[in-house]
Amino acid sequence: MDEVLVSVRMITYNQEQYIAKAIESILNQKVDFRYELVIGDDASTDGTAAIVDLYQSKYPDIIKVFHRKTNIGIRENNRLVMQECYGKYIAVLEGDDFWDYDLKLKTQVEYLESHKNVIGTAHNVYCIDKWGHRLVKRYVDFPIQKRHIYNKYHAMRFEQIGHTSSYVYRNFRYILSEKQWDEFLRCDLNWDFKVSLTLGMLGKVVYFDNIWGYRRRLFGGDSWTASTFRHNMNMCHFHNYVEAQRYLKIVFGVDIDISKILFEIFHSANMLAFKSPVKENIVVAFDVNMAYAKYLLKTVKEFWSSICADKIHD
């Protein structure tokens, strides 16, 4: 039997309304190579697990399912699923999104096969609500873009490629060193953002202007959107930038100055607490102030350490 060329990575939690359509959109792909679908069910409490198991029983040579005994969260579920993906290429689709072009995988894989200098590909997706209706512009987090190249320049500016459901990329577990791969898995950063940064630092990502999928934004229930929409995300953003800086420095040897970004978050958090002194804003402002003070203290210590080291050498 041929080796798996593409591993499709899927995480899911309480998505019984949508998971079948997501899986079907993968099974409907017209390809001339072997692929697998690796699913991590994060201890769903609805009918998601039963639906996933039904598909696995029908397609045992394609679908691998990993059920978590307890809910471990998006990042840990992603990490464990990623460790089970051994294909030359990785594609991504979450349990409430779906593809609507049956040659999507084939097109992206063929492009990567014929362009060895390209690390990955992505494309546009429509943003829809739980009923499948397209969202108006102010609710769309990934707007339609023209064809372009995403690379190191964009990664070092902390820009993201696009929506993760559009990605097909070279499995960089075979490109990174063992130490770098371990750090990638360990890094406490938003998973999609981390993948995007890694791809950009490793090479070029070609972004097609085609619209080949749908990304669902759910403003209720257990979705990421529901947990973040209209909430004060300043502390989350602060943590992500600090962790992204640390990750890029350790894995790629690039030290990016984030002082301006962190000051802007610090200012935003305090202004929001001043203008709207509700409990959430006050707590976030306090946490950001503590984190910012810690960051400044660390920066001052590093500065004086470098000065002392220079004097010793002199």
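I sorted the lining of the largest cavity by class and got five nonpolar, five polar and no charged residues. For the classes, I counted Ala, Val, Leu, Ile, Met, Phe, Trp, Tyr, Cys and Pro as nonpolar, Asp, Glu, Lys and Arg as charged, and the others, Gly among them, as polar.

I am working from a predicted model, where local features need pLDDT of at least 70, side-chain atom pairs count only at pLDDT 80 or more, and totals for chains, interfaces and linings use all residues. Residues are numbered from 1 along each chain as its sequence is written, and side-chain values use heavy atoms, without hydrogens and water.

I searched the whole structure and found one cavity of 30 Å³ or more. A cavity here is a set of points on a 1 Å grid over the protein atoms alone where a 1.4 Å probe fits but cannot get out; lining residues have an atom within 4 Å of a point. The largest cavity holds about 40 Å³. I read its volume as the space filled by probe spheres set on the points.

Which residues line the largest cavity? I listed His123, Asn124, Val125, Phe142, Pro143, Ile144, Gln145, Gly162, His163 and Tyr207. S6 gives the most, with three residues.

Next I looked up S9 (residues 204-216). Strands are DSSP runs of E, at least two residues, numbered from the N terminus; two of them pair if DSSP finds at least two bridges between them. S6 (residues 118-128) runs parallel to S9, with nine bridges. Tyrosine 126 has tyrosine 214 as its bridge partner in S9. Phenylalanine 98 also stands opposite tyrosine 214. S7 (residues 148-150) pairs antiparallel with S9 over three bridges.

Methods:
Helix = DSSP H or I, 4+ residues; strand = E, 2+ residues; numbered from the N terminus. 1 Å grid on protein atoms, 1.4 Å probe; cavity = no way out; pocket = protein on both sides within 12 Å on 5 of 7 lines; lining within 4 Å.
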